Amino acid sequence: MQLSPHKRGNVLPLPVVLISTISKAGIHNVAQWGNITPILRPLDEIVLATWLRRDTLDNIRETGEFVVNVPPAAMIEEVMICARNFLPEVDEFEEAGLIPRPSTAVAPPGIEGAVAWMECRLVEEITREKYALVIGTVVHLEVDDRHATAGGDVDFDAARPLCMVCGNDGIRFAYPTDTGRCALYSEMLAGKSTSMNE
Ligand SMILES: Cc1cc2nc3c(=O)[nH]c(=O)nc-3n(C[C@H](O)[C@H](O)[C@H](O)COP(=O)(O)O)c2cc1C
């Protein structure tokens, strides 16, 4: 079956995160995000794509800070509320019944009950005609101890972080399942220089 090129989101699962920010006026904002990814491993930058008319983008521009919260599937009801288009003066923590969690390195709070929290500072915005790419540095990263294994990994089967796949009628929410297979970093580098630039 051939699909229209704009349906590339129908064949590519993306993460679902909640981005928390604060406006210059001090209003808390939370919004769902799917177009977000770390920039290469093992660097500490991430990039997100945003339409230009987003309170999240306004707040990041104004304060230079944001928190990427990874919600578990158990938080789906609250996550669905955050997708609605609230006015900038509405506190979306209150609307969605989310509890703020004080951050360590940035002003915007994270969300209690998330699997993990990435506290970020704006590095650069690349602005196009209709959208922008926001590059941030992760300045503090934490995983809820309940979802951390003794070896320091994340127990994804237990945590069930949300992800999304676009369908013809809307966005379907899912979560990843561990296949039991693991590609070692050392295997990926076999026969190559260990330079991070490659
Ligand atoms: C699953 C999901 C993923 C989304 N991903 C994005 C995204 O990557 N970029 C974006 O600009 N909007 C995205 N949205 C839309 C915003 O979450 C939505 O417009 C929200 O109301 C924006 O809130 P804000 O104006 O407070 O920033 C997504 C919505 C959903 C339901």
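Guide: The protein has 5 helices and 12 strands. Helices are DSSP runs of H or I with at least four residues, strands are DSSP runs of E with at least two, and both are numbered from the N terminus. This is a predicted model, in which local features need pLDDT of at least 70 and side-chain atom pairs count only at pLDDT 80 or more, while totals for chains, interfaces and linings use all residues. Residues are numbered from 1 along each chain as its sequence is written.

Visitor: Why is R160 called buried?

Guide: A residue is buried if 20 or more other C-beta atoms, placed from the backbone, lie within 10 Å of its own, exposed if 12 or fewer, and partly exposed in between. R160 has 20 C-beta neighbours inside 10 Å, so R160 counts as buried. R160 lies in the loop between helix 4 (156-159) and strand 11, and its phi is near 45°, a positive value in a residue other than glycine. Across the protein, buried residues make up 27% of the 198 residues.

Visitor: What makes L40 count as buried or exposed?

Guide: L40 has 9 C-beta neighbours inside 10 Å and therefore counts as exposed. L40 is placed in the loop between strand 4 and strand 5. Its phi is near 55°, also a positive value in a residue other than glycine. The loop between strand 4 and strand 5 holds P42 as well. The peptide bond from R41 to P42 is cis, with omega near 10°.

Visitor: Which strands are called the edge strands of the open sheet of 7 strands?

Guide: Two strands pair if DSSP finds at least two bridges between them. The order of this open sheet is 3-2-6-9-10-5-4, with antiparallel pairing. Strand 3 and strand 4 (36-38) each pair on one side only, and these are the edge strands. Neighbouring strands of this sheet are turned by 30° against each other on average, direction ignored.

Visitor: How do you know that strand 2 is joined to strand 3 and strand 6?

Guide: Strand 2 (residues 17-22) runs antiparallel to strand 3, with 6 bridges between them. One of the pairs is T21 with N29 in strand 3. Another 3 bridges join strand 2 to strand 6 (residues 65-70), again antiparallel. There, S20 has V67 in strand 6 as its bridge partner.

Visitor: What is the order of the open sheet of 3 strands?

Guide: Its order is 1-11-12, with antiparallel pairing. Strand 1 (14-15) and strand 12 (171-174) are its edge strands, each pairing on one side only. Strand 11 (residues 163-166) and strand 12 are antiparallel over 4 bridges, and V165 is partnered by R172 in strand 12.

Visitor: Which strands does helix 1 lie across?

Guide: Helix 1 lies across strand 2, strand 3, strand 5, strand 6, strand 9 (116-127) and strand 10 (131-143), at about 50° to strand 2. The angle is taken between N-to-C directions of axes fitted to C-alpha atoms, for helices over the stretch in contact, on a scale from 0 to 180 degrees. Contact requires C-beta atoms, placed from the backbone, within 7 Å. D55, T56, L57, N59 and I60 are buried in helix 1, and the buried residues of this helix pack against those strands. Just after helix 1, G64 takes a positive phi of about 75°.

Visitor: Which residues come nearest to the ligand?

Guide: A residue is near a molecule if its C-beta atom, placed from the backbone, lies within 6 Å of it. There are 18 residues around the ligand, and A31, N35, D55, T56 and A83 come nearest. Strand 3 (28-33), strand 5 (45-51) and helix 1 (55-63) each supply at least two residues of the shell. The largest share, 4 residues, comes from strand 3.

Conventions: Contact = placed C-beta atoms within 7 Å.
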